[in-house]
Amino acid sequence: MIKKLANLIGEYKKDSLITPIFMVLEVIMEVIIPLLMAFLIDYGINPGEMNMILIIGSALFFSALISLLFGVLAGHYAAKASSGFGKNVRKQLFYNVQNFSFSNIDKYSTASLITRMTTDVTNVQNAYQMILRAAIRAPIMLLFSLIMAFSINARLSLVFLTIVPVLGLGLYFIIKKAHPLFKRVFKTYDKLNSVVQENLRGIRVIKSFVRDQEETKKFHQVSKSIFKDFSTAEKILAFNAPLMQFAIYTSILLISWFGAQFIVSDTMTTGELVSLISYAAQILMSLMMASMVFVMITISRASAERIVESLDEQTDLHNNDDPILEVASGDITFENVGFSYQHDKNNLVLENINFSIKQGETVGIIGGTGSSKTTLVQLIPRLYDTTVGTVKVGGVDVRNYDLHTLRDQVAVVLQKNVLFSGTIKENLRWGNKDATDEELIRVCKLAQAHDFIMEMPDGYDTHIEQGGSNVSGGQKQRLTIARALLKRPKILIFDDSTSAVDTKTDAYIREAIRTEIPETTKIIIAQRVTSVMDADKIMVIDNGNIQAIGTHDSLLTSNAIYQEVYQSQQVGGIVDAI
Ligand SMILES: Nc1ncnc2c1ncn2[C@@H]1O[C@H](COP(=O)(O)OP(=O)(O)OP(=O)(O)O)[C@@H](O)[C@H]1O
């Protein structure tokens, strides 16, 4: 885990190495100061030598100043190195998540991924800063101060060092108790993020179902559980500083008590006693610093584990070593395809799927909800890989293509499609960033979106809010269709993409794409028979199996499921002839 994270220090290695150099220089100056204080008392203050007071006092002042300067420089480089490290970890995490397959994403919740990329990274970054500042400073300070203390009076140094094992034991118990609590806190943060996210996304639904109180209660429960664990963990950690202070004052008491006796017996000077007290304080301070590092590591260890877990997550969609970089045609073939979201051959949601579609054909897919229509089309651009069997595009197994090449040629207008914050133009150009304005208008006309865009206050420059909340469902669908068309794909898949569009507009869209892009293979999943009845062939899917393939007329006479769907829509008067 440490090696993995250490690799991400990257270009900030230099800053990470400079920090300890300044730190060592700062510590050296700090260790000299108590010695100068002893000289000041013994050779200046006690004998009343004003010259010595001036000389040693100036040396003291400049030592403190230089120590301050080195301290500031060390702090500067530590901050640069740690925030740079945080940036690299975030970048790598984001890159990894971007390469996740849908299966990988299904494994983690979105909320958990957000916590990992924000809170967890901040924790690890803070820990790194602490390590750079204190983990190096503490042992050096401890070593130098011990040498100085023992060289002044070894017996007295041994007296106060008896406190150290007691302190160590106290610290061990503090950390042991706090670690599992912090681990739990960050897991609960995932839940909190998930509740907040769901609430913000579904605010309209919450309001319309008058679920405000229940949702607030849910939020409070999670928030309270974070509060409980966090405050307990912090309370335990809060023992740390007072424990250290108690140790410092106890050691001052011990040194003063025994030291006074040494002074009386003339085996020690007052200056030496004062500097010994300072060294004792520095020794305990360095132990306190070390304990803070342990505490910080305790807090961030849980975060580091979660980050490394996401970094180690391997995408299960592997690019072929020698990938094919061109899709020859829009032909599609499914050969004995089976699929399970859990990669379990005994739990298939699609089974024994065999069919082929020729380039330029229009194929409709009809089936009840949950019959695996969406699952089937997601296998074409390799959003998921088949569990058994082969999907071929242009006569080639989709796994042999370069993933980008394949997805460039397969445009899927998903059921739950999204628009991003930005202008309409910017959103459309997701499909093809180099598209000209003329192309943009052409595809919007095909998607029956041009007219309503022109009616908007800023036309194609109208701003779309996050998630497309300021356009209607039908408008959003037409914009996402236009975006897909702009890709000029060889295969175009509509997954219930016109469900919010009136039947007349739906018919216009189908007519336009049939005549304007005849070379493109079109797959249309629909609930309405009218949306597929003019397709070259229609597939009837039931419970993950293909029940029948045929034209509208042939299915009407030969397939009971199709007949039933058609009848039910006619009785309801839904079927609108074009
Ligand atoms: N990400 C997923 N993880 C696990 N199971 C899933 C996932 N997505 C869908 N399923 C399951 O797979 C089955 C087929 O779902 P799919 O969305 O393909 O059906 P559909 O025919 O498109 O339904 P609808 O018409 O309602 O959109 C369902 O049982 C569904 O619960």
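1. Helix 7 (residues 163-201) packs against helix 11 at an angle of about 25°, and their axes are 9 Å apart. The model is a predicted one. Since angles under 35 degrees count as roughly parallel, helix 7 and helix 11 are therefore roughly parallel to each other. Their crossing is right-handed.

2. On the helix 7 side, this contact is made by Val-164, Leu-167, Leu-171, Ile-175, Ala-178, His-179, Phe-182, Lys-183 and Phe-186. Helix 11 supplies Leu-287, Ser-291, Phe-294, Val-295, Thr-298, Ile-299, Arg-301, Ala-302, Ser-303 and Arg-306. Sorted by class, the contact of helix 7 with helix 11 has twelve nonpolar, four polar and three charged residues.

3. Helix 11 (residues 270-312) also meets helix 2 (residues 13-45). The axes of helix 2 and helix 11 come within 7 Å and cross at roughly 160°. Angles over 145 degrees count as roughly antiparallel, and helix 2 and helix 11 are therefore roughly antiparallel to each other. The crossing of helix 2 and helix 11 is right-handed.

4. From helix 2, the residues in this contact are Glu-30, Pro-34, Leu-35, Met-37, Ala-38, Phe-39, Ile-41 and Asp-42. They meet Thr-270, Gly-271, Glu-272, Val-274, Ser-275, Ser-278, Tyr-279 and Gln-282 in helix 11. The class count for the contact of helix 2 with helix 11 is eight nonpolar, five polar and three charged residues.

5. Next, the ligand. The residues around the ligand are Asp-106, Tyr-341, Val-349, Gly-367, Thr-369, Gly-370, Ser-371, Ser-372, Lys-373, Thr-374, Thr-375 and Gln-415. Helix 12 (residues 373-378) gives the most to this shell, with three residues. By class, the shell around the ligand has two nonpolar, eight polar and two charged residues.

6. Is Tyr-401 buried or exposed? Tyr-401 has 25 other C-beta atoms within 10 Å. The cut-off for a buried residue is 20 or more, so Tyr-401 counts as buried. Its place is in the loop between strand 5 (396-397) and helix 13 (403-409).

7. Leaving aside residues up to four places away in sequence, Tyr-401 touches Pro-323, Ile-324, Val-327, Val-396 and Leu-406. Tyr-401 and Arg-382 lie 19 residues apart in sequence, and the distance between them in space, C-alpha to C-alpha, is 9.9 Å.

8. Gly-86 lies in helix 3 (residues 50-98). Gly-86 has 20 other C-beta atoms within 10 Å; a residue is buried at 20 or more, so Gly-86 is buried.

9. Which residues does Gly-86 touch, not counting residues up to four places away in sequence? They are Val-121, Thr-122 and Gln-125. Tyr-128 is 42 residues from Gly-86 in sequence, with 8.8 Å between them in space, C-alpha to C-alpha.

10. For the chain as a whole, there are 20 helices and twelve strands. Of the 578 residues in the protein chain, 37% are buried. Among contacts in the protein chain with a separation of 6 or more, 80% are between residues 24 or more positions apart.

How values were computed: Residues numbered from 1 in each chain as written. Predicted model: local features only at pLDDT ≥ 70, side-chain atom pairs only at ≥ 80, totals over all residues. Axes fitted to C-alpha atoms, helices over the stretch in contact; angles between N-to-C directions. Helix = DSSP H or I, 4+ residues; strand = E, 2+ residues; numbered from the N terminus. Parallel < 35°, antiparallel > 145°, perpendicular 65-115°, else oblique. Left-handed = near helix turned anticlockwise from the far one by under 90°. Contact = placed C-beta atoms within 7 Å. Nonpolar A, V, L, I, M, F, W, Y, C, P; charged D, E, K, R; others polar. Near = placed C-beta within 6 Å. Buried ≥ 20, exposed ≤ 12 C-beta atoms within 10 Å, placed from the backbone.
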